[in-house]
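Welcome! Take a moment to look over the sequence and turn the model around on your screen. Then let us walk through it together.

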Amino acid sequence: PEGKYRVTTNSSGFYEDEDVKTTGVAVRIVVLGDSHTDGVVSNPESFANRLEAQLGEALSPRAVDVINAGVGGTTFYNYLGMLERTAELSPDLYVVAVYGGNYFAAAVKLRRYFEQAGPLKSPGRIDPKKKDAWERSGQTRPQETQQIRFFEANPDLVEYAIGAGNAVLARMDERARELGGQLVVAYLPPALAAQPVQYERYRAAADEVLEGEEFGIDLSDRLGDAMLAFCAAQGITCVDLRPSFRSAEKPLYWYKDLHITVAGHQQVADDLLPVVLPLVE
């Protein structure tokens, strides 16, 4: 709201104002995610820290430590690595926030790299007639709209992408249990799919760009639904953030870059609290 925020990392590289507590912690949670998780907000306003405050109040006098281990530009495979990195902290829970705006396209690229598969098809240049709409679609271009264009160029890879994400989440769940913890998966929708009214001008422009193509803004819902169904079938605790985001009247993403706002982070924490609390009580 003040037009700026301060980025602070602790000595472990986490988006926290203080170093990781080594003693006296009764409940520890590690939160994994991308730039929506590490936060375009000050550290105390991130959903990891808001969740910590709410859990601390609910579980008082037990000490609660929720670590924001989000890293911008990351996707499914990175979170398995971060889970391993933070295993020495012996968390009770790992919470991974899966952002539907670009994770699945990014997971395709990594999976094909690991499998030494052939090159991917490029979405190609924007139709000159649609360049104005492309500009007006704002920061949906490196996120929601670009992912849709990627799958337009590679439609056969939609199920491949879903499989990549599900395979990593299954391994994360297995590994968390081996380490004595538990995995919680939260699905964070992108702005145009979650709040079409609040971001109508961006959505209208994105629809112009995608006009006549197979996939539209609802592609992220298809991807998110498949992931959540898989988690439910596997017995992985999951939280679908779409209902609360869609019912919110205020915008929950910054208009400038479409990362979740202070209010968006609070909403995520509010949705996670009733799911997480029974797991650590």
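This is a predicted model: local features need pLDDT of at least 70, side-chain atom pairs count only at pLDDT 80 or more; totals for chains, interfaces and linings use all residues.

Helices (H or I, at least four residues) and strands (E, at least two) are DSSP runs, numbered from the N terminus. Residues are numbered from 1 along each chain as its sequence is written, and side-chain values use heavy atoms, with hydrogens and water left out.

Is glutamate 84 buried, partly exposed or exposed? Buried means under 20% relative accessible area, exposed means over 50%, and partly exposed is in between (1.4 Å probe, protein chains only). Glutamate 84 has a relative accessible area of 34%, so this residue is partly exposed. Glutamate 84 and methionine 172 are 88 residues apart in sequence, yet their C-alpha atoms are 9.2 Å apart in space.

Glutamate 84 also belongs to a network of salt bridges, together with Arg171, Glu174, Arg175 and Glu178. A salt bridge is a side-chain nitrogen of Lys or Arg within 4 Å of a carboxyl oxygen of Asp or Glu. How many salt bridges does the structure hold? There are 16, and the table shows some of them.

| Salt bridge | N to O distance |
|---|---|
| Arginine 111 and glutamate 115 | 2.9 Å |
| Glutamate 159 and arginine 222 | 3.3 Å |
| Aspartate 225 and arginine 242 | 2.6 Å |

Let us take these pairs in turn. Arginine 111 is partly exposed because its relative accessibility is 21%, and glutamate 115 is partly exposed because its value is 45%.

Glutamate 159 and arginine 222 form a salt bridge. This pair links distant parts of the chain, with glutamate 159 in helix H7 (residues 158-178) and arginine 222 in helix H10 (residues 219-234), 63 residues apart. Arginine 222 counts as partly exposed, at 39% relative accessibility.

Aspartate 225 bonds with arginine 242 in another salt bridge. Aspartate 225 lies in helix H10 and arginine 242 in helix H11 (residues 242-247), so their pairing ties together parts that are 17 residues apart in sequence. Aspartate 225 is partly exposed at 41% relative accessibility, whereas arginine 242 is buried at 5%.

## Two cysteines

How many disulfides does a search of the whole structure find? A disulfide is a pair of cysteine sulfur atoms within 2.5 Å, and the search finds zero. Cysteine 231 is in no disulfide, and its nearest cysteine sulfur belongs to cysteine 238, 5.4 Å away. Cysteine 231 is buried at 0% relative accessibility, while cysteine 238 is partly exposed at 29%.

## Helices that cross

Now look at how helices meet. Axes are lines fitted to C-alpha atoms, for helices over the stretch in contact, and angles run from 0 to 180 degrees between N-to-C directions. Angles under 35 degrees count as roughly parallel, over 145 as roughly antiparallel, 65 to 115 as roughly perpendicular and the rest as oblique.

The axes of H3 and helix H4 (residues 103-114) come within 8 Å and cross at roughly 75 degrees, so H3 and H4 are roughly perpendicular to each other. Contact here means heavy atoms within 4.5 Å. Phe76, Tyr77, Asn78 and Tyr79 of H3 meet residues of H4, among them Tyr103, Phe104 and Arg111.

The axes of helix H6 (residues 144-153) and H10 come within 10 Å and cross at roughly 80 degrees, so H6 and H10 are also roughly perpendicular. On the H6 side the contact is made by Glu144, Gln147, Ile148 and Phe151, and on the H10 side by Leu219, Ser220 and Leu223.

## Backbone details in the loops

Proline 61 sits in the loop between helix H2 (47-59) and strand S2 (64-68). The peptide bond from serine 60 to proline 61 is cis, with omega near 10 degrees.

Serine 90, in the loop between H3 and strand S3 (93-99), has a positive phi near 50 degrees, although this residue is not glycine. Serine 90 is exposed, with a relative accessible area of 54%. Glutamine 116, in the loop between H4 and helix H5 (131-136), has a positive phi near 55 degrees. Glutamine 116 is exposed as well, at 73% relative accessibility.
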